[in-house]
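Here's a quick briefing to read alongside the model. Have the sequence and the 3D view open while you go through it.

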Amino acid sequence: MTASLTGRTSREGATADRRPRRGEGTSLRDLVIALPWIAPALLLILGVVIFPAGVMFYNSTRDISQSGVDRGPAGFENFQSLLDFAPIWGVLARTLVWVVVVVVLTVLISLALAQLLDKAFPGRQLVRMAVIIPWAASVVMTTLVVYYGLDPFYGIINEVLVNVGVIETPYGWTKNAPSAFAWSIAIAVFVSLPFTTYTILAGLQTVPAEVLEAARMDGAGRTRTYFSVILPQLRSALAVAILINIINVFNSLPILKVMTGSIPGYEADTIMTLIFKYIQTDHRIDVASALSVVGFVIVLAIVAVYVRVVRPMREV
Amino acid sequence: MKRSLRFGAVIATAAVASMTLASCGFGNAGGGSDGDTTIDLLVPSYSDGTQALWEKVIDGFEDENPGITVNLEVQSWDNLNDVVTTKVQGGKAPDIMNGGPFAGFAADGLLYPAEDVVSPDTLADFQKSFADNASVDGVQYGLPLIASARTLFVNNALLEQAGVTTPPTTWDELLDAATKVSDLGGGVYGYGLPLGSEEAQAESAIWFYGGGGGFGDEKEITIDTPENLAAAKFIQKMVDAGATQPDAGATDRTPLIDVFVQGKIGMIEALPPTVAQIEKDNPDLDYSLVPIPTKDGEPFTLGVADHMMAFDNGKDKQEAITAFMDYLFSTDVYVDWVTTEKFLPTTVSGGEALADDEALAPFLEALPNAAFYPSTNPNWSATDGAFKSLVGQLAQGKDAKAVLAEIQAKSDEG
């Protein structure tokens, strides 16, 4: 296949060269010409995205035994058992809270951080490096550090809180659903900051100095300048940051898995941790696949709505 | 065109993002060639030394059996089930696996009966209770590799400080002693109750069986029973009285045993390897091993056996598998394996060889009164999972009856 493709490549490539750039043949012909260049990417997408997705959809409609044997088609029974699972609504609501709170906090803090890092001050280079650290460290590692810090018996965070008098006795932060969830949100924000901050920082550096000068000459104050001049120009940077954060946070497993993994019941679960529980404790690959499909559809819906409403790709 | 491209990009992005969890299977099979037989061995990690221990066994086996190669794969206990399920689903089951529950595999017709993969001598050497525990409908599928039993570890110094002279033998005495130890304060707690997901089914079994109830048998899982309800209510009484560590419902076993080793827990139900852990991490700890306190003092221990099981992947490997099993269970190799991992032997010859081991003595004494999980019941896996994710709610004040009903329902669902 490679050989025939390359053969065609050189011939078609030559034709394309002789032809004026903006020719009559638009869609199909262009696509054929581009194929040799995009084929590796397409193959990769086929192999690592489309194929596993197909298997996931397929598994969600099968009846698979606990040891992994496919016992035949199940129709929509796996989806039905999700609907019959009482805690599912709490899980969906919690997933929404998880995504919205983490993304909003991340973006707000990142906007402020990026503004700070955009100013020239002594040691800026060092501070910029420091902001990257949560990004460079493994998420599981970061989470485990906090997890052990919060341990009621030997956790250093608990000890500090007790010593400064915030609480009287060590508290099982990771043993109770609300506090474990809140700490997880804090960690998720912490690890999302570097990427978001840097994306916004890059956006800030594209704001032309003349525009800011013009705003100043027209008598705009600092606040006015920020909200009417700078922020609109950050639109595309923010759009990318928000979109990628939504998807990342929605699909984040390790933080919640570590922080809330030992809590009984389903009071701290999101869709992702529930998928994990279906796989690991219940060995229900079929139902886990069905829930993955639900998650997939939800992400798709969120992203589609976002793209329609916010129109992030529109030129400023 | 532009619009559709954009939508395509959206789909692709979302797809890439949500695929990470969905599929990690399709591992490759180790294929033999040139007339050699290759067998794949999948084992969980019991300790840091497990891999080296298996490598030693395999080296010895390959020296004696030229022409057979053993591929070792070591996984953590957490991942073992996912790994094997994925392999089975992809048609690449290992040839031999060391694991816990095997009834599901047997029910799916994936396993060789034990008599097809070991010599009659080896088969006859297993202690009867373990062989029975490894059988479904009279056919033995699992080869019990190791046994473990629970017993109560007592911190003598803490009990003495709290004015408790003799270790408890009944629940009421346990409650009384544990409350007194907890009253010492300073981050010290009387009874370590690990109802967090890690091994919640084990702690539950200790209480349910100890109160005359249990989990059922190979035909029927019985969780929602009056005896178990009484036990569940007593667990709640322990929690309410402050006799246990805080947040018992979300405390995992391993970290809690660490706390016991550090000397901050009065009593905890633990395992043979805990003896070795104390020796290594805190040899000064003044502790003793006593029988598990039960409702009315009847002797009882929870026995757990892990099994070797052989998957039927075609006749050409059966001979190699049999050779490996016979080698593994030969007395010298087997005793070395079991003692290095600090577990209890399941064979008669192994038991005789270890009869003088002092550290294991309290456990070996308890074994005759051992009750096992109903692990040959096809719904046991579901029950086990239900305990892990639900029983901790007892310690969070949820109605005991409701918790048991919830576990029973999940178990019946299968």
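Two strands count as paired if DSSP finds at least two bridges between them. The strands themselves (E, at least two residues) and the helices (H or I, at least four residues) are DSSP runs, numbered from the N terminus. This is a predicted model, where local features need pLDDT of at least 70 and side-chain atom pairs count only at pLDDT 80 or more, while totals for chains, interfaces and linings use all residues. Residues are numbered from 1 along each chain as its sequence is written, and chains are lettered from A and ligands numbered from 1 in the order in which they are written.

**The four-strand sheet in chain B**

- Chain B has an open sheet of four strands in the order E8-E9-E7-E10, and the pairing is mixed.
- The edges belong to strand E8 (189–192) and strand E10 (287–290) of chain B; each has a single partner strand, so one side of each is left without a neighbour in the sheet.
- On average, neighbouring strands of this sheet are turned by 15 degrees against each other, direction ignored. Axes here are lines fitted to C-alpha atoms, for helices over the stretch in contact, and angles run from 0 to 180 degrees between N-to-C directions.
- Strand E7 (residues 151–155) of chain B runs antiparallel to E10(B), with four bridges joining the two. In that pairing, B:Asn155 stands opposite B:Tyr287 of E10(B).
- Helix H8 (residues 171–183) of chain B lies across E8 and strand E9 (265–270) of chain B, at about 135 degrees to E8(B).
- Look for B:Gln262 in the loop between helix H11 (253–261) and E9 of chain B. B:Gln262 is partly exposed because 13 other C-beta atoms lie within 10 Å. The cut-offs are 20 or more other C-beta atoms within 10 Å of a residue's own for buried, 12 or fewer for exposed, and partly exposed in between, with C-beta atoms placed from the backbone.
- B:Gln262 and B:Leu285 are 23 residues apart along the chain, and their C-alpha atoms are separated by 7.9 Å.

**Strands around E11 of chain B**

- Strands of a sheet pair through backbone hydrogen bonds, either parallel or antiparallel.
- Strand E3 (residues 96–99) of chain B is covered on both faces: B:Ile96 and B:Asn98 are buried on one side, B:Met97 and B:Gly99 on the other.
- Strand E1 (residues 37–44) of chain B runs parallel to E3(B), joined by two bridges.
- Strand E11 (residues 301–310) of chain B runs antiparallel to E3(B), joined by four bridges.
- E11(B) also pairs with E6(B) in the antiparallel sense, over six bridges. There, B:Ser148 has B:Val304 of E11(B) as its bridge partner.
- Strand E6 (residues 143–149) of chain B is mostly covered, with seven of its seven residues buried.

**Helix packing: H17 and H18 of chain B**

- Two packed helices are described by the angle between their axes and the distance between the axes.
- H17(B) packs against helix H18 (residues 400–413) of chain B at an angle of about 145 degrees, and their axes are 8 Å apart.
- The contact uses B:Ala382, B:Thr383, B:Ala386, B:Phe387 and B:Leu390 from H17(B), and B:Val403, B:Glu406, B:Ile407, B:Lys410, B:Ser411 and B:Glu413 from H18(B). Two residues are in contact if their C-beta atoms, placed from the backbone, lie within 7 Å.
- By class, this contact of H17(B) with H18(B) has six nonpolar, two polar and three charged residues. Ala, Val, Leu, Ile, Met, Phe, Trp, Tyr, Cys and Pro count as nonpolar, Asp, Glu, Lys and Arg as charged, and the others, Gly among them, as polar.

**Where the chains meet**

- 48 residues of chain B are in contact with 44 residues of chain A.
- On the chain B side, helix H1 (2–22), helix H3 (77–89), helix H4 (103–107) and helix H17 (380–390) each supply at least two residues.
- H1(B) gives the most to that side of chain B, with 14 residues.
- The residues of chain B's side divide into 21 nonpolar, 20 polar and seven charged.

**Over in chain A**

- Helix H13 (residues 271–280) of chain A is mostly covered, with ten of its ten residues buried.
- A:Leu44 sits in helix H2 (residues 27–59) of chain A and counts as exposed, with 10 C-beta neighbours inside 10 Å.
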